[in-house]
Each structure stands twice: as structure tokens, then as C-alpha cells.
Amino acid sequence: MANSALVLGAGMVGVSVALHLRRRGWDVVLLDRDGPGEGASFGNGGLIQREAVFPHPFPREFSELRRMASNRTVEVAYHPGALPGLAAPLLRYWWHSEPRRYAAAVAGHAALIATCLDEHMALAQGTEAMALMRPIGWMRLYNDQAKLDAALAQAEAARQGYGINYTLLDGAALAAAEPHLKVSRLGAIHFTDPVSVSDPHALTLSYLRRFEEAGGRFARGDATTLERAGSGWRAGGEEAAHVVVALGAAAGKVTQKLGYAPPLFGKRGYHRHFALSGNAVLNRPILDVGSGFLLAPMRAGVRLTTGAEFTRDVAPPTPVQLARAEPIARNLLPLADAVEETPWMGVRPCTPDMLPVIGKLPGQANAWCAFGHAHQGFTLGPSTGRLLAEMMTGEAPFLDPSPYSPARF
């Protein structure tokens, strides 16, 4: 029982932790009340974002703050009644977005991002998962020269500082690359390193199959029942010597009972798939910067995603951002009918300093954290899984884990 673990949460992060531990010979049970990969890992842009070395900072320009405060944008929506409960973590988020502090977030984020493609390929190579992965990158479209120039400067900084590759397309080249766009744009930045995944849920399930084929076990159960069982842990009727909390935005509900309350906050996101009219195609994911949403070609259709919604945990879905985005999207692409009757909704688990929480849970023996990846849980799951498994088994970590230490909160 000493080398046994109960991994709570079966999203991309939890599945990856479980698989890495099982490959090191541990007895592992992966526990979730829902099916594997049905949380935030299910709904995303489907990108393994090697270029995402710059995490999303809190807006600091007054004009941008005023625009967001209008509560009418596609990128951000909020429920006014939820703001008092979010004030403390959002204020800390703003504080950490100050340029000097933000530089520390970039350093920690970039170190983990740099490993994402290699770590995904280490799990996917030689399996059916490879058929889901398309090395086509993604594009940001611009129709404002000042914004394009600023984005180019940041892309060049990413190239020089972190080895990120990109190409600049003018309006004609963009039209040739995406011939079914219904609008013209000044240009686009094509990030060529990222891998686009045609079915994110299927990729998580593929990694789960590797885990089960290696002798691991998935079980349905309630992670909030976690309690001590002698020197080990029990939850959902399962027991193990170690526990890993990989519950995304819900992690705090479990860790708080153990005396650890990190300042997690959730950003809700929505998506919906649409068919395309006639023989129209979208060749790669695109984000039209002036419109504020991503369109990504998936197995199910073109996925229209939204930005962030801030509300109470128990609030029912309110996909107002999708309602704002859909008519704009129809002006960009010849969208046909929606594929699903209702949109999907999930919650991204965020921390004020824009870094995930990976490592020992303070004050508790044999308890570990793997959550808080914000927009990048799908990208960083395998990297997190390897890093935490190495820490748990006493191996030398393949990168410095100190920026992600739970003890920093």
C-alpha cells in the first residue's frame, strides 16, 4: 500500500498524473463523480499551446477596464452579485499582473509550457491518439494596425526569448490560407508550433486507456468524502497511501477541509459546434482579435468558444457570450445549424499569480496538489503529471518545481 495513490479528478491533469504514477509501478485509482474528461478538459480550443508562454494578465489600461466593466463584451461577462465573493482573488490577480511581478509569472509559465509538446507526444506516440493531433498551429487575425504591431512585437519577444515560431500573413496570404472567410483582414499571426486536437475529449480518453491498459483503475465516486484512513486516505469507497487533488476549480472544496485554502477562482467558458454551409471549410483554428472568440475545426463541427464569465459556483449556465458571438461568427464564416441543442459549459481553475499549484499539500502527509492551470490544463496535463509523479516517487524533477509550490499560498 505504500506505493499507492488515489487521484481525485479525471480531467487531462488527473489522467496524466495517474498514468505517470502507474508507469512507475504504483497502484493507482483515478476517482471522479463524472466520466473521465467531462470537466474543463472537454471544452477548450483543442490546442496544445506551445506558444502560450505569456499567461493572461489582468487588464491594467483604464480604457480596457472600462470596456470590460460595461458587461457587454464577448470576452468577459460577469454577474454583479458574484463580484463581492470574487473581489479578493481578482484584486490579487490585478496585483500580480504588475509588469515586474508578471515577469515572474511568465518565467514560471514558460518553463512548463516549453515541455508540453514533448510530454504529450510521450503519451500519444504509437497510439490512436496521434490521429487526433494536427500540427497546423493556429492564427490570430487583426484588422487594426496598432494592435497587429503590438502583437508582432510580443510574438518576436516570444521567438527570441522562448523559441516560439510564427509567420506573418498579409491580407492576401490570409485569404489564400482560409478561402472561406467572409471578411478581409489586415493580416494574421500564424503560430506554427501548437498542435490542434480534433477531439479534446477523445484525447483524454485515449490517455485514460493507456492508464487502464497499464493496470490502473478508474472509479466513480465523490471526492468531497476525502478523509484520513489510518496513515493513508479514503474517498468514494477507495483507499490509498497517497492522495492527489486534481479537481480543477473544485479543488479548494477538498483542500480547505485539510487546512489549505488557496485563492482559487473560476472562469466559466462555453462552446457550441456548428456545421458549415456547402463545401466550406476552416483549415485551422482562428481567433479574430476584434471579435474576441476562437473558432476551431473539430470532428463535431466548427467549435465556437467564449472568453470568461465570472459568477457564483451554483449559478445556472448563462451563455450570453455565445449569444453575442454567434451573429459575429456568422459574418466571419458561413456557419450553418448548431450541432447541439444546448451549449457546453465548464470552469477554468485560476490562481491570482497565473501559475498552477503542483506539489505537496501543506500540513498533510502524503497529500499532493495538481490544479490551478487556468486556460492551460489541456496543454499542461502531461507535463504536470510527469513533474508530480517524479516528486512523489523521489526522482529528480525534470524541471524546477518551486514556482508552482502550494506553499506559496
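This is a predicted model: local features need pLDDT of at least 70, side-chain atom pairs count only at pLDDT 80 or more; totals for chains, interfaces and linings use all residues.

Reader: Why is asparagine 71 called buried?

Author: Buried means under 20% relative accessible area, exposed means over 50%, and partly exposed is in between (1.4 Å probe, protein chains only). Asparagine 71 has 19% relative accessibility, so it counts as buried.

Reader: What is the phi of asparagine 71, and where does the residue lie?

Author: Its phi is near 60°, a positive value in a residue other than glycine. Asparagine 71 lies in the loop between α2 (62–69) and β4 (76–78). Helices (H or I, at least four residues) and strands (E, at least two) are DSSP runs, numbered from the N terminus.

Reader: Is methionine 354 buried or exposed, and how do you know?

Author: Its relative accessible area is 9%, so methionine 354 is buried. Methionine 354 sits in the loop between β21 (344–350) and β22 (357–360). Its phi is positive too, about 70°, although methionine 354 is not a glycine.

Reader: Why is tryptophan 94 called partly exposed?

Author: Its relative accessible area is 35%. That value falls between the cut-offs of 20% and 50%, so tryptophan 94 is partly exposed. Tryptophan 94 is found in helix α3 (residues 83–96).

Reader: Why is histidine 20 called buried?

Author: Histidine 20 has 7% relative accessibility, so it counts as buried. Histidine 20 is in helix α1. Leaving out residues up to four places away in sequence, histidine 20 touches Glu119, Leu123, Pro382, Gly385, Arg386 and Ala389. Contact means heavy atoms within 4.5 Å.

Reader: What makes a set of residues a nonpolar core?

Author: The members are buried Ala, Val, Leu, Ile, Met, Phe, Trp, Tyr and Cys residues, joined through side-chain atoms within 4.5 Å. The largest such core has 65 residues. Leu21, Leu30, Leu203, Tyr207 and Val244 have the most contacts inside it. Helix α1 (residues 12–23) gives the largest share of this core, 7 residues. A second, separate core of 24 residues includes Val74, Tyr270, Phe274 and Val302.

Reader: Which residues is tyrosine 207 in contact with?

Author: Leaving aside neighbours within four places in sequence, the contacts of tyrosine 207 include Met12, Val15, His120, Met133 and Pro382.

Methods. Residues are numbered from 1 along each chain as its sequence is written. Side-chain values use heavy atoms; hydrogens and water are left out.
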